[in-house]
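Subject: Structure handover

Dear colleague,

I am passing on the structure below, and I would ask you to keep it open while you read the notes that follow it.

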Amino acid sequence: MALLSTIGVFFILAALAGHLRLTGRMTEDEFAAAAASALDDGLMITSRDGSPLYVSQPFQAFLGRTRAGVPRSLEEVLAHDPKAVQALFRLARNAERGRGHDETFEFARAVTAPETVLHSRWYRLSVKPWTAGGGAAAGMGRLAVWQLSDITAERIREAKQAAAVQTSLAHYDTMPVGLLVVSDAGAIEHINSTLSDWLGMSPASRGRFLRLADLLSADSAELLRSLARRRTGTPQTIDLDLIGQQGEAVPGRLLVIEREASDGPGGSGFVAAVLKRSIETAGFGNLKTTSQRLTRLFDGAPFGIALVGA
C-alpha cells in the first residue's frame, strides 16, 4: 500500500510539473487533482512561506472547516495536542530548510455520534521539498509536498502481534532455566524472570533497554556472539561469568542456539539458555540431556530459533 501511494504521488507531481502528457479533454491540472483526491493518503502542496497551494480531498477531510466555511490549517487542527504540535514544528522546520522529514503521532479529536467523544487514531505525516520545472507549478520556486497517512490499522496489527509474542514468552518466563534472546547487534530482546532474579535485577532495570555488554564483560560478550555465529551443526556451550546488578560474578553455563536470519526485528542473533554452574546437575542432569531437553522446549518458540546446520 505504501508503494502504491508513493507511485500515485509521483504521477500527481509529474502532472503538476508538466512532465506527464495526457490525451483527451482532461488537462494535467485536472488529472492531478482527480488522482490526488482518489488516494487514501492526503496530499498538500505549500509555498515556501507555508501557504497551501493545493489540498487534496482526503487532506481537506482531515483539516475540516471553520463555522464560516474557511479551511482550517494544520496548526489549528493539531493545536490542542502537545505531541502533535511538536511533530508539526519539526516537520515545518525541515520544510523551511528544504529537507525531507516524517513524523508518526497519535491524535485524538472530538467526534459527535450521537454524543461527543474523543476518537484517537495514528497518523504518519511527511514533508519533502519539490521544485517544478514546468506545468502549473512552474516558476513558484521551492515548494513543499505534505503527505498524510492514517496508520491506525497498522498500529493495531503491530500491537496485537507484540501481545501475542509476549503471551507466548510468558510460558518461558518461570522455567528453572535462564533465557536470553539477543539480536545480531547485541541488543537484549528478552530476558526471563529466572535469569533476571539470578542477576538481582529489579523490574525497572529489566524493563529498560539492555545490551549484552550490560550482563557480560566486553570480551565475554564478543566471545559469546562469535560462538553463536559458528556453524557446527549442534548447539554450542560455553562457561562464562555473568555480571549481577551489584557487580558480582554469577557463574553460568550457556547453551547457545543461532536464530533464523529472517526472524524478529533483531535479525539473526541468538538465544541462550543459562544454567547456574552450581546447580547444573540439580534438576536437569548432564549437559547432553540438558541440551536435548532445551532444544525440544524451544522448538516452535516465538523468538525464532534455528538449530545451526539444521
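Sorted by class, the residues that line the second largest pocket comprise 14 nonpolar, six polar and eight charged ones. Please bear in mind throughout that this is a predicted model.

The space in the second largest pocket comes to about 430 Å³. Its lining is made up of 28 residues, and those closest to the centre of the pocket are Met44, Thr46, Gly50, Glu75 and Trp146. Several elements give two or more residues to this lining, namely the strands E1, E2 (52–55), E4 (116–131) and E5 (142–150), together with the helices H3 (57–63), H4 (74–78) and H5 (82–96).

Threonine 46 belongs to strand E1, which covers residues 42–46. Is threonine 46 buried or exposed? Its relative accessibility is 4%, and because the cut-off for buried is under 20%, threonine 46 counts as buried. The side chain of threonine 46 is joined to that of tryptophan 146 by a polar contact of 3.1 Å. If residues up to four places away in sequence are left aside, threonine 46 touches Ser51, Pro52, Leu53, Leu143, Ala144 and Trp146.

Turning to the nonpolar cores, the largest one holds 25 residues, of which Leu180 and Leu224 touch the most other members. Two or more residues of this core come from each of the strands E6 (178–182), E7 (188–191), E8 (236–243), E9 (249–258) and E10 (270–276), and likewise from the helices H7 and H9 (218–229). Helix H9 supplies the largest share of this core, which is four residues. As for leucine 180, the residues that it touches, not counting those up to four places away in sequence, are Ile188, His190, Ile191, Leu195, Leu212, Leu215, Phe270, Val271 and Ala272. Another core, of 20 residues, lies apart from the largest one, and its members include Phe62, Phe107, Leu125 and Leu148.

Lastly, there is aspartate 197, which has its place in helix H7 (residues 193–198). Aspartate 197 has a relative accessible area of 57%, and since exposed means over 50%, this residue is exposed. Between aspartate 197 and glycine 244 there are 9.5 Å in space, taken from C-alpha to C-alpha, although the two are 47 residues apart in sequence.

With best wishes

Key:
Residues are numbered from 1 along each chain as its sequence is written. This is a predicted model: local features need pLDDT of at least 70, side-chain atom pairs count only at pLDDT 80 or more; totals for chains, interfaces and linings use all residues. Side-chain values use heavy atoms; hydrogens and water are left out. Buried means under 20% relative accessible area, exposed over 50%, partly exposed in between (1.4 Å probe, protein chains only). A polar contact is a pair of N or O atoms within 3.5 Å; within protein, one must be able to donate a hydrogen and the other to accept it, and residues adjacent in sequence count only if both atoms are side-chain atoms. Contact means heavy atoms within 4.5 Å. On a 1 Å grid over the protein atoms alone, a cavity is a set of points where a 1.4 Å probe fits but cannot get out, and a pocket is an open set with protein on both sides within 12 Å along at least five of seven lines; lining residues have an atom within 4 Å of a point. Grid points are joined across faces, edges and corners, and a volume is the space filled by probe spheres set on the points. Ala, Val, Leu, Ile, Met, Phe, Trp, Tyr, Cys and Pro count as nonpolar, Asp, Glu, Lys and Arg as charged, and the others, Gly among them, as polar. A nonpolar core is a set of buried Ala, Val, Leu, Ile, Met, Phe, Trp, Tyr and Cys residues joined through side-chain atoms within 4.5 Å.
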